[in-house]
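Hi,

Here is the structure I promised to pass on. Have a look at it first, and then read my notes below.

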Amino acid sequence: MTATSAGSDPSRTVTGVPIRLDGVVKQYRGTATPAVKKLDLEIAAGDIVAFVGPSGCGKTTTLKMINRLIEPTAGRILLDERDVTGENPDKLRQSIGYVIQSGGLFPHWSVKKNIGALPRVLGWDKKRIAERTDYLLDLVGLDADVFADRLPKDMSGGQQQRVGVARALAADPPVLLMDEPFGAVDPITRVRLQDSLIAIQHELGKTIAIVTHDFEEATKLGDKVCIFSEGGHIEQYATPEEILASPATPFVEEFVGSGATLAHLTLSRVRDVPHNPVLRARVGQSTQEVVNQARAEGHTWVVVVNDDGTPRSWPSIDELLTKDVVSDYIDNRLPVVARSATLNDALDSMLAASQGGVLVTDGRGAVQGTLTIAVVMDVIRNQLADARADTDTDTYADHEDGAAS
Ligand SMILES: Nc1ncnc2c1ncn2[C@@H]1O[C@H](COP(=O)(O)OP(=O)(O)OP(=O)(O)O)[C@@H](O)[C@H]1O
């Protein structure tokens with residue numbers, strides 16, 4: 001199997017290395033058939049590959065053989081063309097980040113102690129560990145001043161998972177393995193974590209293999225998606241676009257499901273459709289000045305932002321005018337999506353907030369514009385029309401009367 005880095009933009013930073021599984025087999029002791037029969041798979045440096053497939057098909061077994069938490073029965077695993085099957089597994093795992101569903105943090109250790117665990121083993125000095133911790137917390141979207149000394153139990157599931165990602169990246173490994181990392185969080189948090197991962201990957205360019213149960217998540221995150229059937233058999237290994245456009249086998253067709261037309265919504269990103277500009281205001285500004293500017297520019301809504309551009313609230317002109325200066329109110333229910341989010345995510349977010357629009361942010365959460373439901377509906381309408389054009393041969397208008405039996 002070839003590993004053309006189909007989803008990768010050549011200008012993108014790549015710090016990852018290629019992973020190659022060469023005739024890999026896993027037969028658990030006492031079982032009649034191998035969990036993974038004979039697997040050849042290549043993951044290009046800097047790609048995210050999502051492993052999906054029905055329960056028990058061997059996704060986790062495959063993932064854990066890469067860092068040798070599970071020892072292969074036969075075959076070779078190569079990182080950057082280096083056969084690691086004979087290497088010391090503890091040493092190997094120092095160069096492979098690993099993230100599991102519930103974060104897997106040490107419960108009695110603070111966030112910074114958790115993140116610094118591997119660097120301490122590697123003998124880094126305190127200053128370097130502290131700098132790295134601050135950098136990583138910022139990268140995963142957590143304020144170090146607020147979170148560095150917290151215990152995991154005093155954080156939400158999503159925050160713990162962010163720390164889990166930071167910890168996995170602590171020693172700057174070229175490879176990251178993620179086993180259903182977002183499976184245990186609520187849908188809105190899951191979307192935010194997915195968008196964070198995309199932003200982080202854009203910045204770092206690691207090689208990432210991620211196991212997920214969710215085909216939509218796979219198509220959103222994966223440069224390529226690997227669909228397994230029982231025994232670790234690869235049914236199709238291709239870009240999400242290729243899989244949706246031409247499922248390789250009846251198994252894939254069934255797995256992808258009849259929602260394939262609308263599954264294209266998960267391929268359309270917020271960044272690919274037009275946004276409306278926003279007027280930003282700061283806490284403490286004169287509302288009359290802000291409103292004058294808004295009216296002059298044709299805005300009926302204004303986004304109140306922090307110094308870093310992240311949104312606090314999204315009041316209408318009428319709401320603003322109830323006060324003399326812009327309020328420091330923080331709206332915790334703002335509908336917000338990242339540029340990397342899918343249109344499906346945007347639609348979910350609008351429906352959850354009962355609003356006809358969402359704020360669009362960059363990877364670090366700064367407001368870029370707004371997306372309206374009308375734009376999303378246009379895309380859906382066009383996709384449905386395209387799908388119909390592909391399948392229909394006869395329409396009401398061009399049907400010749402008497403032609404049908
Ligand atoms: N330690 C073990 N001993 C024996 N059999 C095992 C062991 N671990 C996994 N298996 C079997 O190997 C097969 C593959 O399991 P694996 O966990 O890799 O599947 P999976 O695709 O990740 O499943 P899921 O989506 O349910 O997590 C299953 O039939 C499972 O029962």
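Predicted model: local features only at pLDDT ≥ 70, side-chain atom pairs only at ≥ 80, totals over all residues.

Residues are numbered from 1 along each chain as its sequence is written.

Strand β15 (residues 357–361) runs antiparallel to β16 and is joined to it by 5 bridges. Here, strands (E, at least two residues) and helices (H or I, at least four) are DSSP runs numbered from the N terminus, and two strands pair if DSSP finds at least two bridges between them. The two strands form a hairpin with 5 residues between them, and G365 in the turn has a positive phi of about 95°. They belong to an open sheet of 3 strands in the order β14-β15-β16, with mixed pairing. Its edge strands, each pairing on one side only, are β14 (336–338) and β16 (367–372). From one strand to the next, the twist averages 35°.

Helix α15 lies across β14, β15 and β16 and runs at about 130° to β15. For the angle, axes are lines fitted to C-alpha atoms, for helices over the stretch in contact, and angles run from 0 to 180 degrees between N-to-C directions; contact means C-beta atoms, placed from the backbone, within 7 Å. In α15 (residues 343–353), the buried residues are L343, N344, D345, A346 and S349. A residue is buried if 20 or more other C-beta atoms, placed from the backbone, lie within 10 Å of its own. S354 follows α15 and has a positive phi, near 50°.

**The six-stranded sheet**

The other open sheet to look at has 6 strands in the order β6-β7-β8-β3-β9-β10, again with mixed pairing. At its edges are β6 (96–100) and β10 (233–238), each of which pairs on one side only. The twist here averages 15° from one strand to the next. Within this sheet, β7 (residues 175–179) and β8 (residues 207–211) pair in the parallel sense over 5 bridges, with V175 opposite T207 in β8.

Two helices lie on these strands. Helix α1 lies across β3 (48–52), β6, β7, β8 and β9 (224–229), at about 150° to β8. Because 6 of the 8 residues of α1 (residues 59–66) are buried, α1 is largely enclosed by the rest of the structure. The buried ones are K59, T61, T62, L63, M65 and I66. Just after α1, R68 takes a positive phi of about 60°.

**The ligand and the record**

Which residues are around the ligand? They are Y28, T31, A35, G53, S55, G56, C57, G58, K59, T60 and T61, taking those whose C-beta atom, placed from the backbone, lies within 6 Å of the ligand. This shell divides into 3 nonpolar, 7 polar and 1 charged residues.

Finally, UniProt places the feature "domain: ABC transporter" at residues 19–256, in an unreviewed entry. That span is 38% helix and 24% strand, and its end C-alpha atoms lie 26 Å apart.

Best wishes

Terms used. Nonpolar A, V, L, I, M, F, W, Y, C, P; charged D, E, K, R; others polar. Buried ≥ 20, exposed ≤ 12 C-beta atoms within 10 Å, placed from the backbone. UniProt positions renumbered as here; feature names shortened; annotations may be inferred.
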